[in-house]
Amino acid sequence: MIDHAHDLASVRDATHRLLTAVAELDNALVSEPSRLPGWSRGHVLAHLARNADALVNVLEGRPMYASADARDADIERDASRPLDVHLTDLRDSAARFQETGAAPADWSRTVELRNGVTDSASRVPFRRWIEVELHHVDLGVGYELEDLPEEFVERETGFLAERFAGHPEVPPTHLTDGTRAWSTGRRDTTSPEVTVTGPAPDLLGWLCGRRDGGGLTVTGGSLPALPPL
């Protein structure tokens, strides 16, 4: 059972960590490249602010973004802003998301995200938690996958394993950090199962495209090539 109130609190805590780290930057550092190809740190911060507002739209029954082009244009427009403007926007958009999440609602209802993707409203706070945590890592300011909360790492690994489950381009794959295990990829009995083992942060990093899998051990085949998220 998804606990949306718990996840909203986790989003609040993750946002506090993010804001504390970003406040240590300056305008020059914000304009430097992030770890995401083609994006400065300012692009990442602009995306985080606009994503909070987009998820408010989702919870209130509106389209997540007006269009893909409008989403990209808003990020480009806001990326070059001074640090203090980024911080204010991040705080204000985060507050709007928390306020919307605190309003009485039917959390069992189905909502629509981008590209026709649907999900339970109760999972929207977790989706926001993903955005805040992983993009904090993408900023390249000293917050690494190893610093992510253990609960988040376990749940996001399971979330991504579920996302790739049944994908025709991913062979049947068993994932384990030595304690926990997940299954993903095609569900068939004609292909041998590949087993991927490694520390939880490396497993997550590979699944979410932040690491190349170099820290993982693979048996039964080669490391599967994962499609883009």
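The conversation below turns to helix packing and then to pockets in this predicted model.

Q: What is the angle between helix H7 and helix H8 where they pack?
A: Helix H7, residues 150–164, packs against helix H8, residues 200–207, at an angle of about 40 degrees. Their axes are 10 Å apart.

Q: Why is H7 called oblique to H8?
A: The angle is about 40 degrees, and angles under 35 degrees would count as roughly parallel, while 65 to 115 would be roughly perpendicular. H7 is therefore oblique to H8.

Q: And is the crossing left-handed or right-handed?
A: The crossing of H7 and H8 is left-handed.

Q: Which residues make the contact?
A: H7 contributes Phe152, Val153, Glu156, Thr157, Leu160 and Phe164, and H8 contributes Ala200, Leu204 and Leu207. By class, seven of these contact residues are nonpolar, one is polar and one is charged.

Q: Changing topic: what volume does the largest pocket have?
A: The largest pocket has a volume of about 1100 Å³.

Q: Which residues lie nearest its centre?
A: Of the 35 residues lining the largest pocket, Arg114, Arg127, Glu131, Arg163 and Leu229 lie nearest its centre. The lining divides into 19 nonpolar, six polar and ten charged residues.

Q: What about the volume of the second largest pocket?
A: The volume of the second largest pocket is about 160 Å³. Its lining includes Arg35, Pro37, Asp138 and Glu144. By class, that lining has five charged, four nonpolar and one polar residue.

Notes:
Residues are numbered from 1 along each chain as its sequence is written. This is a predicted model: local features need pLDDT of at least 70, side-chain atom pairs count only at pLDDT 80 or more; totals for chains, interfaces and linings use all residues. Side-chain values use heavy atoms; hydrogens and water are left out. Axes are lines fitted to C-alpha atoms, for helices over the stretch in contact, and angles run from 0 to 180 degrees between N-to-C directions. Helices (H or I, at least four residues) and strands (E, at least two) are DSSP runs, numbered from the N terminus. Angles under 35 degrees count as roughly parallel, over 145 as roughly antiparallel, 65 to 115 as roughly perpendicular and the rest as oblique. A crossing is left-handed if the near helix is turned anticlockwise from the far one by less than a right angle, and right-handed if clockwise. Contact means heavy atoms within 4.5 Å. Ala, Val, Leu, Ile, Met, Phe, Trp, Tyr, Cys and Pro count as nonpolar, Asp, Glu, Lys and Arg as charged, and the others, Gly among them, as polar. On a 1 Å grid over the protein atoms alone, a cavity is a set of points where a 1.4 Å probe fits but cannot get out, and a pocket is an open set with protein on both sides within 12 Å along at least five of seven lines; lining residues have an atom within 4 Å of a point. Grid points are joined across faces, edges and corners, and a volume is the space filled by probe spheres set on the points.
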